[in-house]
Every structure is written in C-alpha cells, then in structure tokens.
Amino acid sequence: MEGNNSNPFGVRCDLTIPNLDDLVGLQIITLDVGGREFKASRKTLVGESLYFQGRLINFAASIFIDRNPQLFEHILEFLRTQTPPLFFDTTTLTFDYVKYAALLGEARFFGVHKLESWISSKEYLQAVKIQKSISVVSDLSPELLSSLSDHNTRVDISTGWGIKKVPVCPTAKPSHHGKPEKCGDQCRKMRYRQGGVMMFDDEAVPTGVIIKTKVEIGSTILMGDDYTSDTTSEP
Ligand SMILES: [Zn+2]
C-alpha cells in the first residue's frame, strides 16, 4: 500500500514486528506530578485511565501533571494492582472520609471509573468487619482481665463498684464468710437462736463493662469486568 507518509523510512512495519502493542506498552513514562517524579509503564497508565489514554496518544516519554502527588500515589497504585486504598484507622476505628472525598476527585480527573465507583458507592466499608460485644461483669477478677487479651481485639473496660450480698456465718468464723455450705451444726444452732434467718453483709466488688471490638481487614482487590457484570445483573 502506497502513501504511508507518517513513516519516514518508507518501510511497512505493521506486519513485520510482532506484538507491537506489547512493546509499546512496556515503554516507561516519567511523570512529574506536582513536582514529584513517578515512573510507570505506558501499559499500566492507559489500562484503566481515560486521562492517560488521551494524554499518551502521542509518544511522550515524560509529562508534567499539575495535581497532588500524595493522592496520585494511590491512583497509580490502583492502576498497577487494581487495589483501592484503605484509609482506615485501626485505633479510632474510623474511615478517613475527607481523604476518600479528595481521592474521588482525582479518580474523576484521571478517568479511573472503577476506582471512582468504588469510592462513591462506599465499597470500602465492606473491607472492614467490626464485631462488637458488650458484657457487664459483676466481679472483675485478675484472671478474667488477663483472659481478655487477643491481638486483633481491642478491649475497653470501664470500671466501677457494685454491691454483692455475702452470706454471713452466725458464729462469725472467717473461713465460713460467704461460704454457707461450710457452716456446720454449731453454726446452724446459732442461727436458730438468732431467729433462723440467713444474714447477709453488703460487700463492695469491682464491676465492669467490657467492650470487645474485633477488627478484621479484608482485601479490597477489585475483580475484573466479568465479575462485576455478573454480580450487578443478579436481582
Ligand atoms: Zn459458720
């Protein structure tokens, strides 16, 4: 075919070089984003980003983009791995909604639709499972406290004092205090003389509310188009 004016050597190259797209995709592009340098293959950049598909239509080796580099880091990571970032603080158990809002703006700017819809539909909430259990204990023992430690569970305890009714021995034997089953005939006779009523003392005991918070962080890796269309078509 004649008239291939764009090729200065006048050589047909459309069939002679195999996997031309692959070779072009391997080209390393240097990006200056807001003063910080990034490098990525052309294939990575154009894969999911409409912005780069338009910007890299010509064979530029380096481009300047006037955007926030801290946020671009997450855009690039998504283009590389399909993994959206999890902005979750395991200490406060809260998501960084401000940062997600900022990244949403960048996902729109760079035309990364999968990331944009992942953030705008708040799918990151599904990546973290928080299980809370609350129990009130009337007697906080050291054994109980030491049994609560678990590496992926946060334990919050608020303590106070409660009143426990403790059975009193009629003969005031210290070893029978709180243990009426230890009282023998002598104690029972004494109780009979005192009117036959079981006596109790009020005793202060440490009580607590134990809140256990178990946090499980799941994967945020997005599945391919097939997976997405399959799940969204279900009723
Ligand atoms: Zn007794």
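Is tryptophan 161 buried or exposed? Tryptophan 161 is exposed, because 9 other C-beta atoms lie within 10 Å, and a residue counts as exposed at 12 or fewer. The model behind this report is predicted.

**Tryptophan 161 and its sheet**

Tryptophan 161 is found in strand S7. Its contacts, leaving aside neighbours within four places in sequence, are Ala204, Pro206 and Thr207. Take alanine 204 in particular. Tryptophan 161 and alanine 204 are 43 residues apart in sequence. In space they are 6.2 Å apart, C-alpha to C-alpha.

Strand S7 belongs to an open sheet of 3 strands, in the order S6-S8-S7. The pairing in this sheet is antiparallel. S6 (128-137) and S7 (153-168) are the edge strands, and each pairs on one side only. From one strand to the next, the twist averages 10 degrees. S6 is joined to S8 (residues 199-217) by 10 bridges.

**The protein as a whole**

The protein has 9 helices and 8 strands. It has 235 residues, and buried residues make up 11% of them. Among contacts with a separation of 6 or more, 67% come from residues 24 or more positions apart.

S1 (residues 28-33) and S2 run antiparallel and are joined by 6 bridges. Isoleucine 29 stands opposite alanine 40 in S2.

| S6-S8-S7 | antiparallel | S6 (128-137), S7 (153-168) | 10 degrees |

**Helix H4**

H4 (69-81) has 13 residues. Its span from first C-alpha to last is 18 Å, close to the 18 Å expected at 1.5 Å a residue. Which residues of H4 are buried? They are Leu71, Phe72, Ile75, Leu76, Phe78 and Leu79. These residues lie on the same side of H4, because they cover an arc of only 155 degrees around the axis. What do the buried residues of H4 pack against? Their partners are S1, S2, helix H2 (42-48), H5 and H6. Just after H4, glutamine 82 takes a positive phi of about 65 degrees.

**Helix H5**

H5 (residues 97-109) has 13 residues. It reaches 18 Å from its first C-alpha to its last, close to the 18 Å expected at 1.5 Å a residue. Its buried residues are Leu103, Glu106 and Ala107. They cover an arc of only 100 degrees around the axis, so they are on the same side of H5. Tyr97, Val98 and Ala101 are exposed on the other side of H5. The buried residues of H5 pack against H4 (69-81) and helix H6 (113-120). Glycine 111 follows H5, and its phi is positive, near 60 degrees.

**The largest nonpolar core**

Which elements give two or more residues to the largest nonpolar core? The core has 19 residues, and Ile75, Ala107, Val112 and Leu115 touch the most other members. The elements that give two or more residues to this core are S1, H2, H4, H5 and H6. H4 gives the most, with 6 residues.

Isoleucine 75 ties these pieces together. It is one of the buried residues of H4. Leaving aside neighbours within four places in sequence, isoleucine 75 is in contact with Glu106, Ala107, Phe110 and Val112. Glu106 and Ala107 are among the buried residues of H5.

Note on methods. Residues are numbered from 1 along each chain as its sequence is written. This is a predicted model: local features need pLDDT of at least 70, side-chain atom pairs count only at pLDDT 80 or more; totals for chains, interfaces and linings use all residues. Helices (H or I, at least four residues) and strands (E, at least two) are DSSP runs, numbered from the N terminus. The expected span of a helix is 1.5 Å times one less than its number of residues. A residue is buried if 20 or more other C-beta atoms lie within 10 Å of its own, exposed if 12 or fewer, and partly exposed in between; C-beta atoms are placed from the backbone. The arc is that of the directions from the helix axis to the C-beta atoms. Two residues are in contact if their C-beta atoms, placed from the backbone, lie within 7 Å. Two strands pair if DSSP finds at least two bridges between them. Axes are lines fitted to C-alpha atoms, for helices over the stretch in contact, and angles run from 0 to 180 degrees between N-to-C directions. A nonpolar core is a set of buried Ala, Val, Leu, Ile, Met, Phe, Trp, Tyr and Cys residues joined through C-beta atoms within 7 Å.
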